[in-house]
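Open the model in your viewer and keep the selection tool at hand. This tour tells you what to pick next and what is there.

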Amino acid sequence: MATLVDIKDLAIAYGKAPPVLAGFTAALERGSFTAVVGPSGVGKSTLLRVLSGLTAPAAGTVDMPMQPEKGRRPVALVFQEARLLPWRRVLENVSFGLEGTGLSKVERTARAQETLDLVGLGQMAGRWPHQLSGGQRQRINLARALSVRPDLLLLDEPFSALDAITRQSLQDELLRLWHETRTTMLFVTHDLDEAVYLADRVVLLGGKPAGIVRDFPVDLARPRERDTANFSDAVREIRAALSESVNDGAGI
Amino acid sequence: MHRTLLAALGLIAFVLLWEAAPRFGFVSPLFVPPPSGLPSAFLREIQAGYWVSAVLASLRHYALGLALGTGLGVALGIATALYDGLDAALSWVVRLLRPVPGLAWVPFAIVWFGISETAATFIIIIGVFWINFYAAYGAAKAVDKDLLEVADAFGHRGTLAKLFKIVLPGSTAGILAGARTGLGQAWMAVVAAELFGVPGLGQRMMQASSLLATEVVVVYMITIAALYGLTDALFVQLRDRLLRWQR
């Protein structure tokens with residue numbers, strides 16, 4: 001597979017403080033699904049902010065050979081909270097990222113409707129955000145990012161605030177969308193079960209400053225079953241590595 | 001229904017007391033003109049043509065002063081909220097000018113513009129400017145930072161894009177609350193601005209009071225109340241339409 005994103009020696013710092021993340025080097029294959037896990041405060045969200053261009057890195061390079069194209073944005077971010085614009089109807093929320101990409105209003109509306117249908121909320125186009133449930137809002141959050149047909153989709157713990165049943169149905173939804181769109185996914189989570197269920201690679205961040213502690217390939221067959229021994233073994237292995245890295249950190 | 005009934009009873013009781021006080025000789029009708037005398041006073045004002053021309057003149061000052069004062073206040077308020085440099089540069093200018101009462105500008109209005117419509121409009125502009133300035137400034141400052149970040153994440157990084165996609169819609173509720181306060185404030189300013197001789201409701205009230213025609217003064221007080229009620233009701237309709245996205 002071809003490399004889509006090449007991250008070299010990335011360092012992230014807040015102001016003049018010592019970097020939270022340093023020497024981060026990783027390549028993301030086109031069409032891959034990577035999960036990033038690690039203790040809270042390790043810089044997982046910050047990594048996504050840098051990749052989406054919200055924060056400038058202190059050092060290092062992010063190489064994404066993608067040229068701007070009509071109706072597309074190379075990178076899109078799914079926020080942890082839905083962050084929908086309350087004064088826009090659902091459809092206009094989905095087309096938010098398409099504005100300024102060279103599409104006419106008619107084309108934007110068509111694309112937004114198509115993306116809404118894709119996440120199963122085509123009927124909700126005319127609703128206001130406050131009329132939706134938490135799960136529906138997260139689907140719109142996801143649709144807003146998918147509508148720009150990104151090469152790289154960044155997801156920042158998008159399902160963490162949902163109840164268990166909604167979370168699992170959205171995980172399956174996300175996998176279906178991944179199969180249909182073949183978008184490269186970078187998914188931050190603190191839920192190891194979620195990471196193993198979704199990703200074909202789990203990257204464990206840890207240390208101070210943080211870097212990649214371990215890089216686990218997950219080669220379980222899809223669709224994955226949570227109640228199998230192989231699944232539990234994979235989760236257990238990552239959990240052991242996570243506890244180890246947290247304990248090492250505490251010992252410094 | 002219960003509330004509507006009580007409201008009607010309260011109003012009737014108020015008018016009855018008002019009527020009783022001069023009628024039973026508690027006060028002179030000159031001091032408190034009884035409401036029963038108002039319809040005929042109103043008819044006289046209409047027939048003489050004073051009422052319509054005064055209302056039209058005042059409405060003209062009102063509309064122009066309100067539109068300019070609101071527009072300028074909102075524009076400067078938002079600009080100050082968006083640009084820290086402007087905020088810092090204006091902070092003491094604002095502290096200096098803010099506490100000056102609108103009426104204190106009357107001498108300057110007369111010196112600069114004469115006893116003219118422009119002078120009256122100027123007083124009304126001053127009367128509503130600050131309310132709108134502070135309302136817009138506060139509302140724009142309070143816009144959800146998370147939503148500004150959404151704009152950044154989806155490529156809307158310029159100030160103008162953020163202004164129209166996030167800041168203005170996000171501060172609409174606050175701006176409209178300020179504009180509504182200004183709506184009432186502007187009617188007070190209209191009367192004040194016309195008291196010094198610019199034709200309109202205020203001038204007509206002044207003329208009537210100098211002739212001790214207090215019932216005519218009351219006719220114009222009620223006229224102003226009715227015009228305010230009408231503009232406020234229309235404004236509430238507009239506001240509810242603009243804010244229909246709120247729960």
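In which loop of chain A is Pro223(A) found? Select the stretch between S9 and helix H7 (229-251) of chain A: Pro223(A) is there. Helices (H or I, at least four residues) and strands (E, at least two) are DSSP runs, numbered from the N terminus.

Before going on, note that this is a predicted model: local features need pLDDT of at least 70, side-chain atom pairs count only at pLDDT 80 or more, and totals for chains, interfaces and linings use all residues. Residues are numbered from 1 along each chain as its sequence is written, while chains are lettered from A and ligands numbered from 1 in the order in which they are written.

**Two cis bonds**

Now select Lys208(A) and Pro209(A). The bond between them is also cis, and omega is near -5°. Pro209(A) sits in the loop between strand S8 (201-206) and S9 of chain A. Most peptide bonds are trans.

**The sheet of chain A**

Select S5, S6, S7, S3, S8 and S9 of chain A. They form an open sheet of six strands, in the order S5-S6-S7-S3-S8-S9, with mixed pairing. Strands pair if DSSP finds at least two bridges between them. S5 and strand S9 (211-217) are the edge strands, each pairing on one side only. From one strand to the next, the twist averages 20°.

Zoom in on strand S3 (residues 33-37) and strand S7 (residues 184-188) of chain A. These two run parallel, joined over four bridges. Thr34(A) has Leu186(A) in S7(A) as its bridge partner.

**Two positive phi values**

Go to Arg83(A), in the loop between S5 and H2 of chain A. Its phi is near 50°, positive in a residue other than glycine. Is Arg83(A) buried or exposed? Arg83(A) is buried, because 20 other C-beta atoms lie within 10 Å. The cut-offs are 20 or more such atoms within 10 Å for buried, 12 or fewer for exposed, and partly exposed in between, with C-beta atoms placed from the backbone.

Next, pick Arg149(A), in the loop between H4 and S6 of chain A. Arg149(A) is not a glycine, yet has a positive phi of about 45°. Arg149(A) is buried too, with 20 other C-beta atoms within 10 Å.

**Helix H2 of chain A**

Select Asn93(A), in helix H2 (residues 90-94) of chain A. Asn93(A) counts as buried because 28 C-beta neighbours lie inside 10 Å. Leaving out residues up to four places away in sequence, Asn93(A) touches residues including Leu84(A), Pro129(A) and Arg144(A). Contact here means C-beta atoms, placed from the backbone, within 7 Å.

**Across to chain B**

Show both chains. Their contact takes 13 residues from chain A and twelve residues from chain B. On the side of chain B, helix H7 (residues 145-153) gives the largest share, six residues.

Colour Leu147(B), Val150(B) and Ala153(B), which are buried in H7(B). They lie on the same side of H7(B), because they cover an arc of only 110° around the axis; the arc is that of the directions from the helix axis to the C-beta atoms. Their cover includes strand S5 (75-78) of chain A and helix H8 (159-195) of chain B. Finish just after H7(B), at Gly155(B), where phi is positive, about 85°.

How values were computed
Two residues are in contact if their C-beta atoms, placed from the backbone, lie within 7 Å. Axes are lines fitted to C-alpha atoms, for helices over the stretch in contact, and angles run from 0 to 180 degrees between N-to-C directions.
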